[in-house]
Amino acid sequence: MSDRSDVVPTLRDLLESHRGLRIPDTHAGELDRSISWVHTTELRDPSRYLHGGELVCTVGISLQTEQDCAAFVDSLTRAGAAGLCFGVGDVHDSVPAALITAAGKAGLPVLIAPPNVPFSSVSRYVADFQVGGEIAVARATNSLMPELLSSQRRRESVRQLLDRAGEVLSGYLLLDPDGTAEDSGTTIAVDGLGTLTWVGSGDPPETAVLELIARFAQAAQGDRDIESALTRERVGQLLSLIERRMLLPDALNQLVDWAGLSAPELTCSAWPAGAGAVLSMAFPDALVGDAPEVCLVIEAGSHAQASHELSLPSGHAAAGPPAELGAAITQARIALDLAQQHGGSIGPDQLSTFDSLLEGLPLNRLAPFKNQLIDPLERLDSERGTQHVRTLRTFLATNGSLIDTARELFLHTNTVRHRLGRIHEITGRNPMSFEDQAAFAIGLRASDRARRMPGRPD
């Protein structure tokens with residue numbers, strides 16, 4: 001897969017990539033203009049939000065008269081917009097003739113998007129061009145990680161691990177002990193194992209993906225020592241007992257041979273289950289424990305080692321004395337739950353949030369909010385095809401702004417106000433009230449958590 005992070009698409013690229021997108025019959029704009037980004041708006045004059053080169057998308061809520069169209073085109077031209085993408089079928093059945101005329105005079109290219117070409121797909125196409133390599137790595141990593149972790153938990157051989165990875169990538173990974181890495185993008189050197197080569201008919205994975213596989217292959221090769229694996233499991237069991245207050249942290253000194261336990265402060269981090277062998281290599285001076293459903297890393301000192309290179313979600317607790325290790329483990333687990341939802345690494349500075357507070361509460365404490373406020377709306381949406389829950393989510397996400405909610409959902413503000421009124425009637429709680437907004441937010445989080453639980457329908 002080639003790196004296209006320094007390439008931007010043109011209007012012609014976009015037009016050719018999206019079946020359904022078209023240009024007006026009297027089009028006179030330049031289609032080879034580059035698109036820096038995509039901006040969706042329903043403002044009559046969005047120029048203050050543009051920096052030049054944007055493809056501006058609109059369904060024309062504010063474009064009702066000839067003067068509106070002329071002012072809109074003038075604002076885009078002054079801001080240096082690359083072009084205009086007009087969505088038909090929601091507000092206008094066709095592009096207003098005045099808009100096409102004004103755009104033609106200004107030399108502003110116009111694309112027409114029918115209902116089956118949502119603006120989100122246009123944005124995604126441009127984003128893939130802008131950060132194509134990063135997106136490819138993220139997608140491949142998300143697909144690979146469960147298989148790599150499963151292989152580690154099963155203590156499979158290096159060959160079995162590579163076969164799993166190759167199946168996900170629709171190719172084959174060849175490990176040559178005597179090979180030499182080539183500068184071809186398909187081969188990398190693996191310390192102690194030789195070279196890892198990807199073979200396949202399609203585009204090769206990004207180098208970062210091959211490096212991730214190589215790291216797990218090294219861990220699989222080095223983890224043939226059963227004693228090391230058993231030690232990590234024993235440590236994980238002891239740390240779980242400490243978290244549940246069934247064992248005092250002081251007892252670790254007698255049960256575990258690790259010099260770091262005498263440090264004045266310890267830092268705890270939580271990682272996905274099955275990553276113990278990889279983490280032992282990444283943090284050779286740390287205490288690593290394979291606990292049920294999670295892998296825990298205890299480090300001496302007040303600052304955790306860098307973890308972004310591991311491409312694994314992780315949660316980190318604040319440093320504290322050994323006596324508070326149980327609370328630190330709980331904090332790290334909560335941070336890991338958030339990291340697994342949002343990706344990346346979550347530290348203690350990110351735990352003083354509404355999300356982290358709710359993640360730390362048992363689901364049964366949140367159930368009344370879900371049962372009384374969200375479930376009735378979801379049932380009504382399912383039975384009648386309405387969108388009360390989506391409207392509520394958007395309203396809360398825009399900090400209770402009727403105008404922003406209407407813009408996001410391409411609705412009139414009166415329609416949004418009517419839906420919120422119906423939510424008030426159905427639930428007895430007013431979405432316009434700050435206190436009730438908090439209750440609705442808790443209900444939505446509880447609903448999302450329940451949906452993520454194993455065995456629940458998505």
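Buried residues are those under 20% relative accessible area, exposed ones are over 50%, and partly exposed ones fall in between (1.4 Å probe, protein chains only). The legends describe a predicted model, in which local features need pLDDT of at least 70, side-chain atom pairs count only at pLDDT 80 or more, and totals for chains, interfaces and linings use all residues. Residues are numbered from 1 along each chain as its sequence is written, and side-chain values use heavy atoms, with hydrogens and water left out.

**View A. Helix 17, residues 434-452.** Helices (H or I, at least four residues) and strands (E, at least two) are DSSP runs numbered from the N terminus. Helix 17 has 19 residues and spans 27 Å from first to last C-alpha, close to the 27 Å expected at 1.5 Å a residue; the expected span is 1.5 Å times one less than the number of residues. Buried positions of helix 17 include Asp436, Gln437, Ala439, Phe440, Ala441, Ile442 and Gly443. Leu444, Ala446, Ser447, Arg449 and Ala450 are buried as well.

**View B. Salt bridges involving aspartate 436 and arginine 451.** A salt bridge is a side-chain nitrogen of Lys or Arg within 4 Å of a carboxyl oxygen of Asp or Glu. Aspartate 436 meets arginine 429 in such a bridge, at 2.8 Å from N to O. Aspartate 436 is buried, with a relative accessible area of 12%, whereas arginine 429 is partly exposed at 27%. Arginine 451 bridges to glutamate 378, with the closest N and O atoms 2.9 Å apart. Glutamate 378 belongs to helix 13 (residues 363-384) and arginine 451 to helix 17, so this pair ties together parts that are 73 residues apart in sequence. Both side chains are partly exposed, glutamate 378 at 26% relative accessibility and arginine 451 at 29%. A network of salt bridges links Glu378, Arg393, Asp448 and Arg451.

**View C. The salt bridge between glutamate 147 and arginine 164.** The search of the whole structure finds 16 salt bridges. In the one between glutamate 147 and arginine 164, the N to O distance is 2.7 Å. Glutamate 147 lies in helix 5 (residues 132-153) and arginine 164 in helix 6 (residues 158-169), so the bridge ties together parts that are 17 residues apart in sequence. Glutamate 147 is partly exposed, with a relative accessible area of 29%; arginine 164 is buried, at 18%.

**View D. Aromatic pairs, of which the count comes to two.** Rings of Phe, Tyr and Trp (its six-membered ring) pair if their centres lie within 6.5 Å; planes under 30 degrees apart count as stacked, over 60 as edge-to-face and the rest as tilted. Phenylalanine 119 and phenylalanine 410 form an edge-to-face pair, 6.0 Å centre to centre with 70 degrees between the planes. Phenylalanine 119 lies in helix 4 (residues 119-130) and phenylalanine 410 in the loop between helix 15 (402-409) and helix 16 (413-427), so the pair ties together parts that are 291 residues apart in sequence. Phenylalanine 119 is buried, at 11% relative accessible area, and phenylalanine 410 is partly exposed, at 28%. Tryptophan 271 and phenylalanine 283 form a tilted pair, 5.8 Å centre to centre with 50 degrees between the planes. Tryptophan 271 is in strand 8 (residues 266-271) and phenylalanine 283 in the loop between helix 10 (276-282) and strand 9 (287-291), so the parts tied together are twelve residues apart in sequence. Tryptophan 271 and phenylalanine 283 are both buried.

**View E. The open sheet of five strands, in the order 9-10-8-11-12.** The pairing in this sheet is mixed, where two strands pair if DSSP finds at least two bridges between them. Strand 9 and strand 12 (345-346) are the edge strands, each pairing on one side only. Strand 8 and strand 10 (residues 294-300) run antiparallel and are joined by six bridges. Threonine 267 stands opposite glutamate 299 of strand 10. Helix 11 (residues 325-342) packs on the sheet and touches strand 8, strand 9, strand 10, strand 11 (314-316) and strand 12; contact means heavy atoms within 4.5 Å. The direction of helix 11 makes about 35 degrees with that of strand 8. Axes are lines fitted to C-alpha atoms, for helices over the stretch in contact, and angles run from 0 to 180 degrees between N-to-C directions.

**View F. The open sheet of four strands, in the order 1-2-3-4.** The pairing here is parallel. Strand 1 (37-40) and strand 4 (110-113) stand at the edges with a single partner strand each, so one side of each is left without a neighbour in the sheet. Neighbouring strands are turned by 25 degrees against each other on average, direction ignored. Strand 2 (residues 54-58) and strand 3 (residues 83-87) pair over four bridges, and cysteine 57 stands opposite cysteine 85 in strand 3.
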